[in-house]
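Look at the sequence and the structure together.

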Amino acid sequence: MPARERGSLDWGTYGDSFGHRLAKIRRLRHLSQQELAVRCEMHHNQISNLERNTSNRDPYIADPKLSTIYRLARALDVPPSLLLPDLNRRVQRQSPEQATNRSLSQVEAELERLVRDLGAD
């Protein structure tokens, strides 16, 4: 099994989508990685690694625990679902959010709308 896969998933694409969402929401909340790390009692390197979809362990891609996702969502004051890619469709081998730049742009626009509707910090 290639290193970026987890079973039948190309996990790297889902990790990339998660990291992109995390970084976008963090910036929309006007937080640095350090500020977010303090809010959720994590090290800023963990935030950086999640956003870049990297890990220190083989296969060197991020795979956050559910508790981490909820801690991040609480610190960002958003529903955890905003951090998780492709929730409204059946799971595919690769994250459709990573398919094209247009797909990423659509995700960003939707996140901006949803975070704006939730209210600013």
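## Helix packing and core

α1 passes α4 in a left-handed crossing. Left-handed means that the near helix is turned anticlockwise from the far one by less than a right angle, and right-handed that it is turned clockwise. Helices here are DSSP runs (H or I, at least four residues), numbered from the N terminus.

This is a predicted model, in which local features need pLDDT of at least 70 and side-chain atom pairs count only at pLDDT 80 or more, while totals for chains, interfaces and linings use all residues. Residues are numbered from 1 along each chain as its sequence is written, and side-chain values use heavy atoms, with hydrogens and water left out.

Axes are lines fitted to C-alpha atoms, for helices over the stretch in contact, and angles run from 0 to 180 degrees between N-to-C directions.

| Pair | Axis distance | Angle |
|---|---|---|
| α1 and α5 | within 10 Å | roughly 40 degrees |
| α1 and α4 | within 11 Å | roughly 20 degrees |
| α1 and α3 | 6 Å | about 125 degrees |

Angles under 35 degrees count as roughly parallel, over 145 as roughly antiparallel, 65 to 115 as roughly perpendicular and the rest as oblique. α1 and α4 are therefore roughly parallel to each other.

The axes of α1 and α5 cross at roughly 40 degrees, which makes α1 oblique to α5. The crossing of α1 and α5 is right-handed. Contact means heavy atoms within 4.5 Å. On the α1 side, this contact is made by H20, R21, K24, I25 and L28, and on the α5 side by L104, V107, E108, L111, E112 and V115.

α1 and α3 pack at an angle of about 125 degrees, which makes α1 oblique to α3 as well. Here F18, G19, H20, L22, A23 and R26 of α1 touch I47, L50 and E51 of α3. Between α1 and α4, the residues F18, L22, I25 and R26 meet I69, L72 and L76.

**The nonpolar core**

A nonpolar core is a set of buried Ala, Val, Leu, Ile, Met, Phe, Trp, Tyr and Cys residues joined through side-chain atoms within 4.5 Å. Buried means under 20% relative accessible area, exposed over 50%, and partly exposed in between (1.4 Å probe, protein chains only). The largest such core has 22 residues, and those with the most contacts inside it include L22, I25 and L72. Two or more residues come from each of α1 (11–28), α2 (33–39), α3 (44–52), α4 (66–76) and α5 (101–118). The largest share, five residues, comes from α4.

Within α4, the residues T68, I69, L72, A73, A75 and L76 are buried. Seen down the axis of α4, they fall within an arc of 165 degrees, so they line one face of the helix. The arc is that of the directions from the helix axis to the C-beta atoms. On the other side of α4, L66 and R74 are exposed. The buried residues of α4 pack against α1, α2 and α3. Just after α4, D77 has a positive phi of about 55 degrees.

**Two single residues**

R26 is part of helix α1 and is buried, at 9% relative accessible area. Beyond neighbours within four places in sequence, R26 is in contact with residues including L36, E51 and L76. H30 sits in the loop between α1 and α2, and its relative accessibility of 70% makes H30 exposed.
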